Amino acid sequence: MLSVLSVRDKIGVSSGRLYIDGRWHQWEGPHFNQIHPSTNEIVANIPEAEQQGVNLAVSAARKAFDEGPWPRMSASERKRILKSIADCILENEEELAYLQTLDNGMPITYSRYSRFSGQNAASIFDNFSSYVDKINGETFPRLYEDSNIQFMTYREPIGVVAAILPWNGPIITFAMKVAPALASGCTIVVKPSELTNLVALRLTAILAESDLPPGVFNLVTGGAETGEALSNHPGVNKVTFTGSPVVGQKILSASGNNLKRVSLELGGKSAALVFPDTKSVKTAATTLMGLCSTILSGQICSTPTRALVHTSIMDEFLHYAQEQVKMVRFGDPFDPSTTSSPIITKRQMSKILGYIESGKEEGAKLLFGGDTPGDDLRNGNWINPTLFVDVNNKMRIAREEIFGPVLCVIPFETEEEAIRIANDSEYGLAGCIYTSDVNRAFRVSRSIRTGSIGINGYATNPNVPFGGVKMSGLGREGGREGIEAFTELKMINFHLDA
Ligand code: NAD
């Protein structure tokens with residue numbers, strides 16, 4: 001029977017601790033167990049910080065912001081510290097990959113080499129460190145002849161940031177929030193998902209060894225209660241959140257108490273539009289089915305889970321989608337030949353199986369999958385890659401984020417119809433278009449209401465802003481917009497003759 005405990009013991013995972021005000025705290029309060037999704041074995045015992053731990057962490061971050069050197073430090077010194085963190089992450093990328101796989105079951109090959117890797121997190125820190133000396137304001141010309149007032153703006157750090165993370169990419173979601181927050185001069189309290197703490201603890205140890213002054217970076221662990229205490233805390237100036245829309249809505253409502261700034265990276269129900277003039281139906285079908293069945297088995301926010309396929313190429317598309325799933329290998333996540341992840345929790349697994357039932361009941365045709373593999377894997381949370389055809393965009397499986405290995409194929413006849421179906425969604429995170437017609441590529445990409453869209457593929461890059469419209473989020477992460485989101489603009493008017 002599959003077990004991950006030998007790897008856990010080899011790495012030497014110890015119980016979790018909180019990191020507050022430059023010190024590790026052995027927590028006296030309640031603890032909970034972190035469970036591995038591929039076996040449901042216990043991998044670690046983690047503190048639940050609750051209100052008390054959150055209060056300590058926020059007051060340390062508050063003090064470090066209001067009185068400490070970090071927001072006032074020269075750009076070159078702050079940049080040096082961030083670069084040293086990037087270097088240290090790179091030196092420890094292999095250990096981080098193992099911890100990520102021990103956190104969420106991502107196959108080790110992807111933990112090591114994909115955009116979820118430590119290498120990518122190091123480049124995110126490196127990239128944001130290069131903005132530190134380029135966060136600038138503007139000066140403005142005189143408005144009237146007799147006016148002698150010089151107007152200018154400064155970008156100042158927003159204050160204390162609360163970062164609340166999801167479980168699915170623990171290395172890069174940490175980097176995408178911590179690196180720009182620190183680069184802008186903010187102080188921060190991070191709460192990882194209660195499902196994945198090991199990467200966050202290791203990255204915290206890296207930050208603890210750096211020259212960051214005490215209180216600039218703090219880590220609290222825990223579940224919804226701890227997240228709520230953090231997002232409601234009056235000492236916090238900004239919440240940056242990645243997770244589900246339902247929690248995002250709660251965070252936005254809670255922000256009203258002191259008008260916290262809020263950035264939300266939420267879920268999606270992205271569409272891929274496959275036109276008959278695509279260069280390769282095979283590429284489109286294997287890519288789209290591959291995104292739903294390998295790496296995190298469809299548990300990635302930007303995955304196109306609605307494949308809108310022109311009726312003239314439908315048979316070919318379905319043939320290659322079916323061929324692709326023959327490549328899927330479940331099993332030991334530390335075996336480099338494993339291609340796919342388990343489902344993160346038993347609860348999420350029953351939710352996905354419920355969606356599969358609802359698809360059948362609403363009249364979609366299940367072409368393959370919908371069931372679970374047995375034998376050696378029966379202790380874990382696994383669902384076979386699933387494909388529904390004849391899906392109508394009104395069905396629940398086409399409207400709600402399933403967050404699992406389920407691809408819904410929706411037929412279309414005309415470009416206008418495909419655009420209408422793609423836009424008929426509460427979500428607007430990502431999407432892609434497969435076509436070899438350049439005019440169509442631009443026309444359709446401009447017509448689809450999402451935060452991003454790929455042409456003949458889909459990619460993200462930490463230098464480039466990413467985020468959603470509609471229920472997929474608020475604000476952008478990455479690039480200049482990503483760092484400006486951690487600043488406030490101050491206007492200064494200098495009365496020159498006074
Ligand atoms: P989740 O919303 O269940 O949990 C996210 C975090 O919120 C966790 O740390 C959790 O403890 C915390 N939390 C829960 N209740 C809270 C509350 N009431 N107040 C404050 N914090 C609370 O999401 P998840 O299951 O970890 O992640 C999956 C979701 O994240 C999917 O919807 C996925 O699409 C989305 N996601 C989006 C992006 C993006 O960039 N847009 C990236 C990754 C994941």
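**Note on the ligand site and the aromatic pairs**

1. In this predicted model, an oxygen atom of the ligand lies 2.7 Å from a polar backbone atom of Leu165, which falls under the definition of a polar contact (a pair of N or O atoms within 3.5 Å). The protein covers 88% of the 850 Å² of accessible area that the ligand has on its own (Shrake-Rupley method, 1.4 Å probe).

2. Because the model is predicted, local features need pLDDT of at least 70 and side-chain atom pairs count only at pLDDT 80 or more, while totals for chains, interfaces and linings use all residues. Residues are numbered from 1 along each chain as its sequence is written, and side-chain values use heavy atoms, with hydrogens and water left out.

3. Across the whole structure, a search finds eight aromatic pairs (ring centres of Phe, Tyr and the six-membered ring of Trp within 6.5 Å; planes under 30 degrees apart are stacked, over 60 edge-to-face, the rest tilted). One of them, Phe128 with Tyr131, is tilted, at 6.0 Å centre to centre and 35 degrees between the planes.

4. The ring centres of Trp167 and Phe403 are 6.2 Å apart and their planes stand at 80 degrees, so this pair is edge-to-face. Trp167 lies in the loop between strand S7 (160-164) and helix H7 (170-183), and Phe403 in the loop between helix H14 (396-399) and strand S16 (406-412), so the pair ties together parts that are 236 residues apart in sequence (helices, H or I, of at least four residues and strands, E, of at least two are DSSP runs, numbered from the N terminus).

Notes:
A polar contact is a pair of N or O atoms within 3.5 Å; within protein, one must be able to donate a hydrogen and the other to accept it, and residues adjacent in sequence count only if both atoms are side-chain atoms.
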